[in-house]
Structure formats: C-alpha cells, structure tokens
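Hi,

Here is the structure I promised to pass on. Have a look at it first, and then read on for what turned up.

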Amino acid sequence: MTRIVTPVTELLGIDLPVVQAGMSWASSCSALPLAVSRAGGLGVVAAGPMRLPDLARTLDEMAAGTDRPWAVNLPLYRAHADEVIDLLLDRRPPVLIASQGGPRRYLERFHRVGTRCLHVVAGVEHARKAADAGVDALVVVGAEAGGHPPPAMVTTQVLVRAVARAVPDVALIASGGVADGAGLAAMLALGAGAAQFGTRFLASAEATVHDAYKRAVLAAGVDATRTVGHGLGVIRALGNDFTARMLELEAAGAEESLRRKHFQKSTLKDAALYGDIAEGKVEAGQSAGLVDEVRPAADIVARIIDEYRAVRAGLPPILDA
C-alpha cells in the first residue's frame, strides 16, 4: 500500500495527502467521497445545500461504506446550521471542515465526540485566529480556487507560504489551482501537508453534477474563469452570460441593489443540477484548464500520486562543489 507521510496524513489517518473538496451538489452525496476515501485520500461530503434527511442518509452511507477517514464540509452561514451541527454531533464524522464563520462556535463540542476539526481560511489573520482557537488543521484557499476565493485575491502559492510561516505548528491543506501531482508537489514544498482538489474531482465519474457542467469544465482553458460579485460575496466561475452581465454591471458602477438582484437570480444549483451553463453559476477554478477528461475518482487519486512520484524523481539534484 502506498503511503505518503505528512503532518496532515498523520493527523487524519489517511494514506495520501489528497483531499477532495466539499463541493455543493458535486459531493453532496456519498458516491464521490466514498471513492476518494477508499482510494486513500480524504473524501468530503458537502453539507451546504443538503436537507437534513438527505444529509442523515448520506452520513449513514459513509459510515457503512468505508472504515477509512472521511469528512463533512459545513458552511456555517447555511440555513439551519445549528440543526446540522446537532446531526453531525450525533453521527460523529471522523473529520469536520467548517467555513464561513468562527471555529469557537463548534470546536469544543466536536472535539468532545472525537471529531478532528479543520477550518477554512483565506488570509493570515484568520489563520492565526483559528489556530489560537485550537483547530486541528487549516485549509488555506488561494485566489485560483473555484467557488469562493479570498476577497484579497492572494494566490495559493503566496498565501500558503505566508500561513505556513505565520502558524508553523499547525498542519495545512493547500487549496486553489491544484489539479495534478505537480501541483501536489508544489504545495508540499510550500509547507502544506496535503492539497485539496476541487475542480479536478468535478470531472469525475462520481461527481453528481449535470453532464453539461462537466463538459464545460473540460472545455475550459486556464483563462476561462471570471470573478464576479465583488462586495456581494465574490465567486469564481466559468465565463458565461451570467458572468458577462455581472461584469458589465460592475464596470458601470451599478447600484448594489441591481448587482445583488442579478447575482442572486443565478444559482449554482441551476448549473449543477439542471445543466444551465449559460445563466447558472458554473463555479470552477482556474485549474479547469488543466483538466481534460472525466475519470473515476479512484483513478484520479492514483494518477495524482503517479504524477507526484514522477515530479519528485525529475527534480534536479543538488551538486556540491
């Protein structure tokens, strides 16, 4: 069995430093997270859009489907978040990845039931606060990421290094712009103990998004995404009619109420479930330009590790004079 030992793999009990991002609709199910965890990485259930009965069923499927560690991602701003927390405390997932809120809201209760708690951060200040609160590890998200990149738009390469220097004793997972083994090697070199892969797993056989969404990811180049919604909760998504209209409104200095109306009219659900890739929010990272085929999730994990091996073997040696 292949193992790569890092602070993150040791902390979470996984074999490989590959974390599948919790992606609303794509991993709001058990199929994708189970496949990744069984392959040695960390599969993540995206609880954000899930109704409580659906989430409860999915958690039961995860517990029955593998004895390997897995995680639940919970955006703390979602409706009925406290009820979701109660459900999770009852089901005791091995790992919780929380975002969009402060860790003191949940940390003590989950530690009490034995759940490892990771917190998503997008800046050094928030990383320090989360570390001081006692989180077990941090997920550091850079500007290249799909969905919700950091407002300051600092790249993953710079942000991960800055956080690693700011909180050297905390295990880090790097997220944003990583799609292959070369990206994994780069993130480990910067001081992370694992990399989180989102867009790469959008194009997996098990991701429960519409085929039109997957085809849009495969067709995208590295310059195909746009960031819109500045001041409203910025997102990175593939360019389409929705993003074009948002960019027009932003460039014209339109009133916030008008921008908000257009921004909220379009949803990720429209694209992910119904395949509306023209008017929906087709959230994806810049790494879409590095993804060119849909593969089973286990194959994706294996390929990432094969690529990582090749990168390590190909690094120039140090020649002492």
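A term to start with: buried means under 20% relative accessible area, exposed means over 50%, and partly exposed is what lies in between, with a 1.4 Å probe and protein chains only. Please keep in mind that this is a predicted model, where local features need pLDDT of at least 70 and side-chain atom pairs count only at pLDDT 80 or more, while totals for chains, interfaces and linings use all residues. Residues are numbered from 1 along each chain as its sequence is written, and side-chain values use heavy atoms, with hydrogens and water left out.

First, the overall picture. The protein has 14 helices and 10 strands; these are DSSP runs numbered from the N terminus, with helices being H or I of at least four residues and strands being E of at least two. Its radius of gyration is 19 Å, close to the 20 Å that the globule rule gives for 321 residues, so the protein is as compact as a globular protein of that length. (That radius is taken over C-alpha atoms, and the rule is 2.2 Å times the number of residues to the power 0.38.) Along the principal axes, the C-alpha atoms fill a box of roughly 55 × 55 × 40 Å. Of the 321 residues, 55% count as buried. Among contacts (heavy atoms within 4.5 Å) with a separation of 6 or more, 59% come from residues 24 or more positions apart.

Now the sheet. Eight strands make an open, parallel sheet in the order E1-E8-E7-E6-E5-E4-E3-E2, where two strands pair if DSSP finds at least two bridges between them. At the edges are E1 (18-20) and E2 (43-46), each of which pairs on one side only. Ignoring direction, neighbouring strands are turned by 25 degrees against each other on average. Helix H2 (residues 31-38) packs on this sheet, where it touches E1, E2 and E3, and its direction makes about 165 degrees with that of E2. Helix H3 (residues 52-65) also packs on the sheet, touching E2 and E3, at about 160 degrees to the direction of E3. For both angles, axes are lines fitted to C-alpha atoms, for helices over the stretch in contact, and the scale runs from 0 to 180 degrees between N-to-C directions.

Some of the pairings in detail:

- E7 (residues 171-175) and E8 (residues 194-197) pair in the parallel sense over three bridges, and Ser175 stands opposite Gln196 in E8.
- E4 and E5 are parallel too, with four bridges; Val95 has Arg116 in E5 as its bridge partner. The chain gets from E4 to E5 through H5 in a right-handed β-α-β crossover. Right-handed here means that, with the strands pointing away from the viewer, the path from the first strand over the helix to the second runs clockwise.
- E5 and E6 run parallel and are joined by four bridges, with Val121 partnered by Val140 in E6. The crossover from E5 through H6 to E6 is again a right-handed β-α-β one.

How is H6 placed? In this helix (residues 124-133), Ala127, Ala130, Ala131 and Ala133 are buried. They cover an arc of only 155 degrees around the axis, which puts them on the same side of H6; the arc is that of the directions from the helix axis to the C-beta atoms. The buried residues pack against H5 (107-112), E5 (116-121), E6 (137-141) and H7 (156-166). On the face turned away from that side sit the exposed residues Glu125 and Asp132. Just after H6, Gly134 takes a positive phi of about 105 degrees.

H4 has buried residues as well: Ala81, Val84, Ile85, Leu87, Leu88 and Leu89. They pack against H3, E3, E4 and H5. Leu74, in strand E3, is buried with a relative accessible area of 0%. Leaving aside neighbours within four places in sequence, Leu74 is in contact with Val84, Ile85, Leu88, Leu96, Ile97, Ala98 and Ser99.

Most residues other than glycine have a negative phi. His80, in the loop between E3 (70-75) and H4 (81-91), has a positive phi near 60 degrees, and at 52% relative accessibility it counts as exposed. Arg92, in the loop between H4 and E4 (95-99), has a positive phi of about 55 degrees and counts as exposed at 52% relative accessibility.

Cheers
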